[in-house]
Amino acid sequence: MTGLNCLVTGATGYIGGRLVPELLDAGHRVRCLARSPEKLRDHAWAGRAEVVRGDVTDARSVAGALHGIDVAYYLVHALDSGSGFEERDRAAARVFTEQAHAAGVGRIVYLGGLTPADIPVRALSPHLRSRAEVGEILLAGAVPAAVLRAAVIIGSGSASFEMLRYLTERLPVMVTPSWVSTRCQPIAVRDVLRYLVGCATLPPDVDRAFDIGGPDVVTYEEMMRRYAAVAELPHRLILRVPMLTPGLSSHWIGLVTPVPRALARPLAESLRHEVVCAEHDIARYVPDPPGAPIGFDRALALALRRVREADVTTRWSSASLPGAPSDPLPTDPDWAGGSLYTDRRERAVDASPDALWRVVEGIGGENGWYSFPLAWAVRGWLDRLVGGAGIRRGRRDAARLRVGDSLDFWRVEEIRPGRLLRLRAEMRLPGLAWLEMYVDPDPDPAPDPAPDSAPDPDHGPDSDPAPDPEGPTVAGPARARYRQRALFHPHGLLGHLYWWSVSPFHAVVFGGMARNIARAAEHPDSDTR
């Protein structure tokens, strides 16, 4: 069979980023529609797929992306709970199905949520209701649609798996809400991807929803106990408390796990109702091979192996979180100007540029931030208390980064291997913030002047910061130069007050970071984190 032309929306997300290589390996041609195409630049499959810029709410960009497409995968949804998110989801789905019909697309494939059969859609939580409504809109359109409905997806890096993993590993005694006794039917991410790829070749007359799940029907309490067994943890004591609402549960999940409250709430709400597959008709069209669907314990073991081997291709945090800043660095030509505060540090380093770059690229997560750990921890806790990402999202990979990766409460905005790492803050701030780290060869360093933390009212070129270092040069024949620049674009008076209130601590936080990164490169066996 000749490969099909496939469009994947949501390719920067958890499922979309894994679906693209599966489609390519199946012989199909893939085009990705993304608001920020640069986030896909460093994926291993980037050179094999076409990437176009656009937004599913913009009919013109959707029409262009759908031109010449046979199968369109709709894998986007709103994560926020703000006013009007349900209507935005509905409007985007209408735009997509209308433009797909106009472009002559042969099929739409959508991954939604499994909903309880005995509860009307209007009585569901806002997020479950929105997923169900999007599926109904796509099925009501003129293009044949396959709506796959899944409950808990188990795979390395999935939000459901990370929530289960951290709750079970960190709490030997758990006080849990009553929903831990509700039954659900988890499914391995490998089976989800297999069904999604198989839907590309469904017969044209198939226009319906399919329930997809694994072979096990379990309660969340059973899932935690079975996770502990697979991970070889001691027996967990679980105490149920009925007064824990989904709202309170989301705060509790946010405190214990890396999953922020904004994402934890819809996950907790989805577990209030029993979600068990009513049919397995998908197997008539996408036959299950021997050993599939994958059982719950094996899905856990496969996910844990990926985590332990640092082979997690996408994570739940691959997609931007609600409320996180998404603006480009203010040096972008579209930026209109305004104050831009900077803190610059520079050091000569008695190590090779490669050794220094390894330290830079390995920053964050379990490797730490090389200065005043308590200050970083407190800032992370404060961020989580106001609904931010916090500092516990960690890293996708312990040694390698790519554009779009989440890194604690930062996101990788730009990376030039061996040269530059630029991070954009996703913590809650009265403004926008970036942190840049540069590595340069420096065979003949000059004396280092003092640091500059003064406000810079100019936007400046998007280029390397001018040398403005901190501290004395390192003794001996330095072979690399480390340059660091923190930038803050304040929003209103509160933004200016914020910068001036924290600037006295920059010598400790940013100055210490520069010193310790240099020392870590010079003495790789010492612990300078």
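Helix H7 is followed by Glu 232, whose phi is positive, near 60 degrees; helices (H or I, at least four residues) and strands (E, at least two) are DSSP runs, numbered from the N terminus. The structure is a predicted model, in which local features need pLDDT of at least 70 and side-chain atom pairs count only at pLDDT 80 or more, whereas totals for chains, interfaces and linings use all residues. Residues are numbered from 1 along each chain as its sequence is written, and side-chain values use heavy atoms, with hydrogens and water left out.

Strand S8 (residues 173-176) presents Met 174 and Thr 176 on a covered face, and Val 173 and Val 175 on an uncovered one. In a regular strand the side chains alternate between the two faces of the sheet. S8 runs parallel to strand S13 (residues 237-240), to which 4 bridges join it, pairing being assigned if DSSP finds at least two bridges between two strands. Thr 176, on the covered face of S8, has Arg 240 of S13 as its bridge partner.

For the protein as a whole, the secondary structure comes to 15 helices and 20 strands, and buried residues make up 57% of the 529 residues.

Notes
Buried means under 20% relative accessible area, exposed over 50%, partly exposed in between (1.4 Å probe, protein chains only).
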